[in-house]
Amino acid sequence: MPAQAIALRAKPRRRSELGLLLVGLVVVVLAFVLESFATLNKWPPNLLTFVVVSLGLVLFLNVVNRRLAPNADPVIVPVVLLLNGLGWVMLSRLAPYVGASHLAGFQALWTLLGAVAYVITLALFRRSRDLERYRYLTLFLSIGLLVLPLLPHIGETPSNANGARLWVKLGPVTFQPVEISKILLVVFFASYFVEKQELLSMSTNRIGNRLFPDLRSLGPVAFAWLCSVAVILLERDIGFSLLLFVMFLAMLWVTTGRWTYLVIGIIAFAVGTYLASQILHQLNQRIEIWIDPWKYLAPGTAQLGYQPVLGELSLAKGGLSGTGLGLGAPQNIPVAISDFIFAAFGEELGLIGATAVVAGFVLIVGSGLRVALRARSEFSKLCALGLTVILGFQAFFIMGGVARLLPLTGVTLPFVSYGGSSLIANYILVAVLMRISDEGSDEVRSYGEPVPIAAALARS
Amino acid sequence: MNPRIRWVGAVMLLCFVVLFIQLNNIQVRQAPKLVKNPLINETASSAVSALRLPRGAIVSADGYVLAESKPVHDYWRWQRIYPPLTAEAFAPITGYYDVVAASDPYGIEAQYDSLLAQHESPTNTLGQLLSQHTETDTVQLTVSEKLQVAAYNVLKAANEPGSAMVVLDPRTGAVLAMAEYPSYNPNGLASHSPKVADAAYKRIAAYPYNDSPLPNLATYRPLAPGSTFKIVTTSAIFDHDPSLATRIYPVESSYSFPNSGNPPQKIHNYASELCGGDLAMALLQSCDTSFSRIGVALGPINLALEARSFGFDSTPPIDLPKAEVAPSIFPSPSQIGATPYMGYSAIGQLDDTATALQMALVAAAIANHGKMMKPYLVSRAVGKYGNIEYQAKPQVWRQATSASTAQQVRKLMLGVTQNPAGTAYGVFQQYGQGMPTMAAKTGTAEPQKNVCGTYNWLVSFGPAGPGETPTVAAAAVVPIPSNSTSCATNPTGASVAGPVLIPILRQALGLAP
């Protein structure tokens with residue numbers, strides 16, 4: 001069978017991917033069994049189903065990649081599935097304690113739908129420049145999606161004083177449109193910046209002995225700044241507005257190389273956040289809770305400091321090696337299955353497990369940036385960069401929020417937290433990265449062996 | 001571009017390194033100090049009490065969620081939410097759940113607390129034996145969202161504080177709608193923020209109305225039932241002295257009570273109209289002089305016996321907390337042993353009081369061949385795995401009267417809507433187009449003599465034509481205060497309560513409102 005042998009040889013990356021996927025699968029299944037012995041003291045009742053479905057998913061994605069993106073990065077999908085699997089094990093362990101056993105089943109369904117979305121994205125976008133063509137369509141779509149939660153009837157009204165207005169309800173299905181919107185915005189900005197690259201990089205105004213960019217080309221910066229502040233003010237969500245702004249600044253700076261943009265952008269965001277915190281009580285309160293949550297624990301009040309304090313104690317309780325999977329009680333942290341799932345890892349798997357989750361995201365970010373470095377066109381470079389920045393910073397914001405490095409922003413931990421829109425959107429994001437990666441690593445261009453990010457940095 | 005992409009990578013790597021350092025800081029460096037904090041007990045597996053776990057949902061008969069728990073970030077974890085579109089309409093039924101004050105005094109939240117709160121569930125599998133296993137149930141009402149919201153809206157449109165309405169299925173006792181106006185928004189009371197909750201309590205305390213809306217007015221607040229009580233008096237005739245049913249009563253505008261002093265006490269008909277004739281005419285015209293004569297002829301003992309067999313002086317066994325269900329009162333025979341009191345009591349005045357629920361039950365008993373069914377609001381409670389934890393079974397509360405008496409009274413009550421001289425003929429002609437034949441009785445109680453302030457009642461059930469089985473029985477009361485501008489139009493039970501109740505009866509019978 002020489003033909004098959006050639007086919008196999010032609011896809012060495014897919015073979016490594018399959019190996020990594022199987023290693024990840026073993027880790028997830030072991031975690032599932034361990035968790036079951038800890039909480040139920042017996043084999044998981046649905047172990048066979050779980051193994052069959054997971055193995056099916058792993059093989060399916062590997063086959064899809066062999067057909068649709070044979071030369072794409074072999075690390076991204078296995079790490080994504082590992083995080084997703086570990087997140088599911090933690091979720092299925094916590095859900096019954098928070099009175100929501102059905103969520104584990106939902107999350108499994110969302111994962112499968114995410115995989116379907118991944119395949120559809122890869123199948124539809126055979127070339128990254130297909131995306132470039134629909135520049136304004138993506139802009140309008142993403143703005144439409146951002147505005148959707150504000151509309152009456154379908155927008156979910158905040159259920160409590162701190163509730164962000166982020167959800168859209170259509171019949172029985174509730175989703176967060178901003179998750180899809182973030183991908184569309186990356187695509188739009190990438191194609192916009194590539195076209196306007198020269199205009200944006202030119203300095204025509206002189207103040208003192210320094211040159212500044214043309215004011216007109218500052219328009220997009222002002223636009224993005226306004227959008228972010230509007231999102232904060234109207235949807236009461238600082239997490240995504242910060243995320244969108246960081247993504248925008250990173251893409252703008254990588255396009256133009258002008259430090260001025262960075263400085264102006266950061267100052268503008270600081271001013272905007274300050275103004276918003278003056279107007280919005282809850283934003284100010286969030287920052288105060290971040291600085292000292294122990295102050296907000298008085299009995300007889302809503303005890304808003306309770307969640308961050310419990311998250312921190314949970315991490316401390318975990319210590320270096322954790323209480324053991326299923327043997328802690330992270331279900332006591334409010335909203336443990338979405339915002340604070342990272343604290344659950346810290347408690348039950350300790351510093352070692354928490355670091356493993358962080359390392360997973362470092363691997364994804366490293367691979368994503370390598371995809372950007374090797375991408376063939378400037379558009380796909382910027383696209384890969386923007387998507388990686390979004391994914392990496394989203395993970396950093398919420399993990400940093402749980403560890404009290406940053407104020408709590410309430411974004412989901414990609415692939416790990418409970419949430420359908422987040423899972424599906426992030427699978428689509430990964431599909432776009434894989435498409436760009438596949439184009440970039442054509443046999444024609446030889447970059448040699450994959451290099452770790454530190455080495456890549458050293459080369460620059 | 002590539003060098004700058006590497007820079008972005010460096011910044012992101014730095015972020016994750018800082019995160020790693022902070023994790024070390026918390027989990028290794030500060031951990032020994034942090035785990036000594038007394039709050040660490042909150043991370044023990046048994047730390048969370050039932051108060052801080054989600055409660056089951058309350059859903060309407062047609063599947064709308066009326067109350068549910070949603071996760072929030074504060075100490076209490078779960079915020080009780082009453083969806084805004086149904087919150088006010090259903091507040092008197094659902095009650096509210098104030099977890100901070102640990103109080104849920106009213107409504108289904110209180111009565112079905114043991115099913116709504118986390119509770120031990122039966123063990124179904126071996127695994128559940130080894131783990132703590134609790135669940136909450138979803139409690140389903142017999143009340144549909146459609147009818148209840150319509151009932152609340154029609155009371156709200158009438159805008160008379162203190163109004164109440166009850167619609168029952170006379171065959172089972174299932175409550176189909178139970179509304180009050182003014183109502184309140186339970187979301188403010190359930191808020192975890194003391195500021196918001198205090199403001200909500202203050203807002204309710206400042207309602208420009210004597211009775212708090214928190215207890216369900218339809219079951220809690222008895223008012224003089226006026227002429228609707230004549231249904232009970234008429235039943236008493238057939239049960240205790242059938243000869244009164246064949247007597248012809250003089251046509252007169254006033255009646256002087258015998259043995260009531262000198263000069264004798266007199267009762268005047270509404271607007272001093274002339275009325276009288278046979279019992280059918282007396283009831284359909286709601287003739288006060290004829291019924292005063294009947295009251296005197298029956299005597300206090302017969303009246304009291306009949307009233308009690310219809311449930312007066314007992315607390316209706318509806319599934320609401322006892323604190324918000326009041327008995328309706330018929331005075332003891334010794335209190336009304338002399339004239340003119342027995343005459344006044346026979347027409348629902350003086351010390352007679354009745355809740356809207358009581359009068360709906362009276363109508364339901366007549367509609368259901370004299371059997372008064374136990375009223376209930378919850379049809380079932382369903383556990384997490386679809387297991388039925390509670391299922392309501394229709395039960396007879398009391399045999400109010402015999403089937404033959406109920407048949408006679410039903411026939412007489414048809415005259416109220418069918419005979420052009422009937423007090424509700426006009427209003428059913430106007431609002432009841434296309435409706436099946438309805439039996440009804442109006443009532444206009446005047447708690448103070450010669451002052452406009454009235455309690456305007458309409459009690460009705462149907463379809464009540466010959467051979468038909470009534471499926472809906474209802475009562476509505478709309479008070480008109482003595483200083484109201486509506487006084488100029490001489491409010492009556494038919495003119496005020498009719499336009500409120502009839503559209504709801506239409507909907508309950510499955511017709512367009």
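A: Glu347(A) has a relative accessibility of 0%. The cut-off for buried is under 20%, so Glu347(A) counts as buried. The model is a predicted one. Glu347(A) sits in helix 15 of chain A.

What does Glu347(A) touch, leaving aside its neighbours within four places in sequence? Its contacts within chain A are Ser314(A), Lys317(A), Gly318(A), Gly322(A), Thr323(A), Gly328(A), Ala329(A) and Pro330(A). Thr43(B) is also in contact with Glu347(A). That brings chain B into the surroundings of this residue.

Two of these contacts have distances to report. The side chain of Glu347(A) reaches the backbone nitrogen of Ala329(A) at 2.8 Å. The side chain also meets that of Lys317(A) in a salt bridge, 3.2 Å from N to O. This pair links distant parts of the chain. Lys317(A) belongs to helix 14 of chain A and Glu347(A) to helix 15 of chain A, 30 residues apart. Glu347(A), at 0%, is buried. Elsewhere, in chain B, salt bridges with shared partners join Arg55(B), Arg80(B), Glu109(B) and Asp113(B) into one network.

Stay with helix 15 of chain A. Glu348(A) forms a salt bridge with Arg93(A), and the closest N and O atoms are 2.7 Å apart. Glu348(A) lies in helix 15 of chain A and Arg93(A) in helix 4 of chain A, so the bridge ties together parts 255 residues apart in sequence. Glu348(A) is buried, at 0% relative accessibility. Arg93(A) is buried too, with a relative accessible area of 2%.

Further along helix 15 of chain A comes Arg370(A). Its partner in a salt bridge is Asp73(A), with the closest N and O atoms 2.5 Å apart. Asp73(A) lies in the loop between helix 3 (47-68) and helix 4 (76-94) of chain A, so the pair ties together parts that are 297 residues apart in sequence. Both Asp73(A) and Arg370(A) are buried. Over all chains, the structure holds 16 salt bridges.

Now the interface. Here 77 residues of chain A are in contact with 56 residues of chain B. The area buried between the two chains is about 5,700 Å². Carbon and sulfur atoms give 71% of that area. How many salt bridges cross between chain A and chain B? The rule finds zero. Polar contacts do occur: twelve residue pairs between chain A and chain B, both residues at pLDDT 80 or more.

Which elements of chain A give two or more residues to the side that touches chain B? They are helix 11 (238-256), helix 14 (306-318), helix 15 (341-374), helix 16 and helix 18 (453-459) of chain A. Helix 15 of chain A supplies the largest share, 14 residues. By type, the residues on this side of chain A divide into 41 nonpolar, 26 polar and ten charged.

Arg404(A) is in the loop between helix 16 (378-402) and helix 17 (420-440) of chain A. Its phi is near 60°, a positive value in a residue other than glycine. Most residues other than glycine have a negative phi, and most peptide bonds are trans.

Asp313(B) lies in the loop between helix 13 (288-309) and helix 14 (341-346) of chain B. It is partly exposed, with a relative accessible area of 30%.

Cis peptide bonds occur in chain B as well. One joins Tyr181(B) and Pro182(B), with omega about 0°. Pro182(B) is in the loop between strand 8 (175-181) and helix 8 (186-190) of chain B. Another runs from Gly462(B) to Pro463(B), with omega near -5°. Pro463(B) lies in the loop between strand 18 (454-462) and strand 19 (472-480) of chain B.

Last, chain B as a whole. It has 18 helices and 19 strands. Of its 513 residues, 58% are buried. Among contacts in chain B with a separation of 6 or more, 68% are between residues 24 or more positions apart.

Methods. Residues are numbered from 1 along each chain as its sequence is written. Chains are lettered from A and ligands numbered from 1 in the order in which they are written. This is a predicted model: local features need pLDDT of at least 70, side-chain atom pairs count only at pLDDT 80 or more; totals for chains, interfaces and linings use all residues. Side-chain values use heavy atoms; hydrogens and water are left out. Helices (H or I, at least four residues) and strands (E, at least two) are DSSP runs, numbered from the N terminus. Buried means under 20% relative accessible area, exposed over 50%, partly exposed in between (1.4 Å probe, protein chains only). Contact means heavy atoms within 4.5 Å. Buried area is the accessible area (1.4 Å probe) that two parts lose on being put together, summed over both. A salt bridge is a side-chain nitrogen of Lys or Arg within 4 Å of a carboxyl oxygen of Asp or Glu. A polar contact is a pair of N or O atoms within 3.5 Å; within protein, one must be able to donate a hydrogen and the other to accept it, and residues adjacent in sequence count only if both atoms are side-chain atoms. Ala, Val, Leu, Ile, Met, Phe, Trp, Tyr, Cys and Pro count as nonpolar, Asp, Glu, Lys and Arg as charged, and the others, Gly among them, as polar.
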